[in-house]
Amino acid sequence: MILCRSEVSLLISMLLLYLISILNSSEAVPSSQIVQQLEHRLLNSYDKSVIPKRTVEEGVGVTLDLALNQIIDVNKRAQTMTAVIWVRQYWNDHRLRWNSSKYDDVKFIVTQASYLWLPDITLYNNAKDDYNIDKESYHSLTISSDGNISRYFPTIYKSSCKLDVCTLKLGSWSYNIIEMNLFTAGNGDISSFIGNGEWTLQGMPSQRHETTFRCCPHPYVFLTYDIHIKRRSLYYVLNCFMPCLIMMALTILSFYLPSETGERMGVGITVLLSLSIIQLILSDSLPPTSEVPLIVVYYGLTMLNIFMSLVFSCIVLTLYHHSAHPLPRWLRTVVCKWGATMMRMQQEWIKIEEKRKQLERKEKSSSDDMVAKGAVVNWMPPMSLPSHAHAPTTELINGQIPDEHSSETENDYLLSKKYHEEEKAEILREEWRFASRVINKFFMWIVILAIMSNAFYVILKAPRGNFILN
């Protein structure tokens with residue numbers, strides 16, 4: 001009897017081991033088969049052309065999230081931006097729900113996006129001629145047991161762009177707000193952004209908008225993502241701003257060139273031509289728009305300053321090489337007296353006045369000597385223009401008989417008069433040259449103030465931080 005009980009216990013143990021092995025074999029069913037069975041059940045009667053609306057009045061809620069990964073190119077002339085964007089879309093499809101406990105606790109499955117209904121979110125301001133939204137359905141998506149769908153895929157967007165703000169305008173092309181309601185997950189994600197050598201990323205705010213088109217009675221929803229970028233300034237400071245400053249320095253130095261060299265106009269014209277060439281090279285990368293970039297404004301002001309310096313040089317050279325005519329009274333007063341005092345050049349004018357007075361005294365003493373010797377001279381006004389048409393003559397005193405001595409005296413006077421006239425002409429030319437030097441210095445300060453004011457204007461108009469060398 002005891003042996004029978006032991007045999008029974010042995011049989012029971014073997015039976016238990018067999019059952020355990022069977023259970024283990026059933027748990028070892030591959031998970032891929034379970035997922036395949038689940039996917040087959042979900043998609044067997046699924047129609048991807050039907051929008052997953054629960055009710056007629058309630059549209060499908062789709063949440064959009066964009067992540068900026070890289071800025072490939074910013075075409076400033078065409079005003080377009082090409083960027084790599086990671087698109088994230090979230091919505092719920094009530095037809096794709098299952099009880100995870102019946103499928104070995106499978107809560108998520110990954111399947112191809114082309115098998116399901118997909119929101120037709122399109123880039124409204126697309127600037128890419130070969131843009132194809134069907135390419136985005138080649139990627140996979142994730143379905144959870146409660147019907148929530150998460151779709152992630154990378155894409156390349158080429159959109160219209162201003163100089164500092166590039167806007168991505170996305171929305172449904174076919175469904176209005178009653179069919180599909182679009183929401184934003186927040187501002188664009190820039191945590192995975194790859195740095196660009198020319199541009200720095202400032203931010204990517206997003207906004208939700210509703211608008212009505214004249215073709216359709218119901219409003220449409222679209223989202224805008226504004227990509228705020230700022231140009232790195234080091235390249236343009238070295239290649240655009242510094243040459244402009246060097247040319248302005250050459251313009252200022254041209255005022256220090258002596259007027260008798262004849263190279264002042266050549267320097268100004270050379271600088272103007274050089275600046276024009278640089279501006280032509282720069283214009284190839286700038287958009288032909290009414291919104292003038294700040295660098296173009298600065299170059300325009302610089303060209304205006306160089307043109308002013310050329311006009312000033314023409315005036316200075318005209319005065320410097322003026323003939324030996326007396327200075328007009330207003331020019332003598334305004335330039336040689338007031339202007340010389342303001343430019344701190346009054347000592348030079350005082351020396352010229354002393355030379356003038358000495359020459360007048362010499363002429364006066366020479367004529368007195370002639371009178372003392374018996375000759376009366378037709379006196380010319382002081383500092384008048386020397387004229388060969390009205391040659392000085394002498395007349396003897398009434399009752400005096402001309403002799404050899406009086407003839408020698410007359411010849412001495414004519415020689416002295418000729419010498420004095422040459423000295424007069426030289427002093428008159430010196431006065432004109434002095435007036436040109438005073439006006440030259442005054443024009444130089446006008447150009448310097450214009451250059452400084454232009455530079456301050458550009459710095460004040462530039463966005464904050466643009467002059468940081470990065």
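Visitor: Which residue stands opposite Val-60 in β8?
Guide: Met-180 of β8 stands opposite Val-60. This is a predicted model, in which local features need pLDDT of at least 70, side-chain atom pairs count only at pLDDT 80 or more, and totals for chains, interfaces and linings use all residues.

Visitor: What makes β1 and β8 a pair?
Guide: Two strands pair if DSSP finds at least two bridges between them. β1 and β8 are joined by 5 bridges, so they meet the rule. The two strands run parallel.

Visitor: Why are β3 and β8 called edge strands of their sheet?
Guide: The sheet is open and has 6 strands, in the order β3-β5-β6-β2-β1-β8, with mixed pairing. β3 (108-112) and β8 (180-184) each have a single partner strand, so one side of each lacks a neighbour in the sheet. Neighbouring strands are turned by 30° against each other on average, direction ignored; the axes are lines fitted to C-alpha atoms, and angles run from 0 to 180 degrees between N-to-C directions.

Visitor: What makes a set of residues a nonpolar core?
Guide: Its members are buried Ala, Val, Leu, Ile, Met, Phe, Trp, Tyr and Cys residues joined through side-chain atoms within 4.5 Å; buried means under 20% relative accessible area (1.4 Å probe, protein chains only). The largest such core has 50 residues, and Leu-168 is one of those with the most contacts inside it. Strand β1 (residues 60-75) gives the largest share, 7 residues. A second, separate core has 38 residues, including Val-271 and Met-343.

Visitor: What is Leu-168 in contact with, apart from neighbours within four places in sequence?
Guide: Among its contacts are Leu-66, Ile-85, Tyr-157 and Ile-227. Contact means heavy atoms within 4.5 Å.

Visitor: How do you know how much of residues 442-460 is helix?
Guide: Helices are DSSP runs of H or I with at least four residues, and strands are runs of E with at least two. By that rule the span is 100% helix and 0% strand, with its end C-alpha atoms 27 Å apart. Residues 234-257 are 83% helix and 0% strand, and their end C-alpha atoms lie 33 Å apart. The unreviewed UniProt entry annotates both spans, among others, as "transmembrane region"; such annotations may be inferred rather than shown by experiment.

Visitor: How many helices and strands does the chain have?
Guide: The chain has 8 helices and 13 strands.

Definitions and conventions. Residues numbered from 1 in each chain as written. Heavy atoms only, no water.
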